[in-house]
Amino acid sequence: MPWRQAALIVLLVIPVVATAEKMYTWVDDQGVAHFTDIKPVAREHEHVELKRPSLIPMRENITRGKRVSTINQQVSRSLEADSGGGRTLSNKQKARERERKNARCEEYREKLDRIQKQLRAGYSNDQGNRLRRQRREVSQKLSRECLLG
């Protein structure tokens, strides 16, 4: 008796699965596109090939999310360790650090101005490429150390 029930279920499910994969499309007189799983008899239509959906188990997303969070925490800890390692600076030391940083930033700005003047004054092709490379490097240092940091 159980095999009869199984056969009945299989016979009922197979037509549903088979029809679910057949899709048809046509455009009516007003230009509206229609999609259906029933084959249109009186209209010109096209068969649409449906691809199986790709399924990613949720467990993978969760483990990847945890892995990314762990990496972010490690990066944050290493950045905190590089930025002073938890040591506190006195006001004089902080002022000296600020002065050094401002002086370095001013040097970068002056160097950029010199490079810009040289580029405006005219140059050979090789010299122009070298100047543009130098401008890019100094500009990146200025951005990283002075504007962002």
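This is a predicted model: local features need pLDDT of at least 70, side-chain atom pairs count only at pLDDT 80 or more; totals for chains, interfaces and linings use all residues.
Let's start with a working rule for exposure: buried means under 20% relative accessible area, exposed means over 50%, and partly exposed is in between, using a 1.4 Å probe and protein chains only.

Residues are numbered from 1 along each chain as its sequence is written, and side-chain values use heavy atoms, leaving out hydrogens and water.

Back to R100, which forms a salt bridge (a side-chain nitrogen of Lys or Arg within 4 Å of a carboxyl oxygen of Asp or Glu) with E97, their closest N and O atoms being 2.9 Å apart. Both sit in helix α3, three residues apart, or about one turn of the helix. Helices here are DSSP runs (H or I, at least four residues), numbered from the N terminus. E97 is partly exposed too, at 40% relative accessible area.

The count comes to three salt bridges. Another of them joins R104 and E145 (2.9 Å, N to O). That pair links distant parts of the chain, with R104 in helix α3 and E145 in helix α4, 41 residues apart.

Now for the one disulfide in the structure, meaning a pair of cysteine sulfur atoms within 2.5 Å. C105 and C146 form it, with their sulfurs 1.8 Å apart. C105 lies in helix α3 (residues 91-121) and C146 in helix α4 (residues 125-148), so the pair ties together parts 41 residues apart in sequence. Both C105 and C146 are buried.

Note on methods:
Helices (H or I, at least four residues) and strands (E, at least two) are DSSP runs, numbered from the N terminus.
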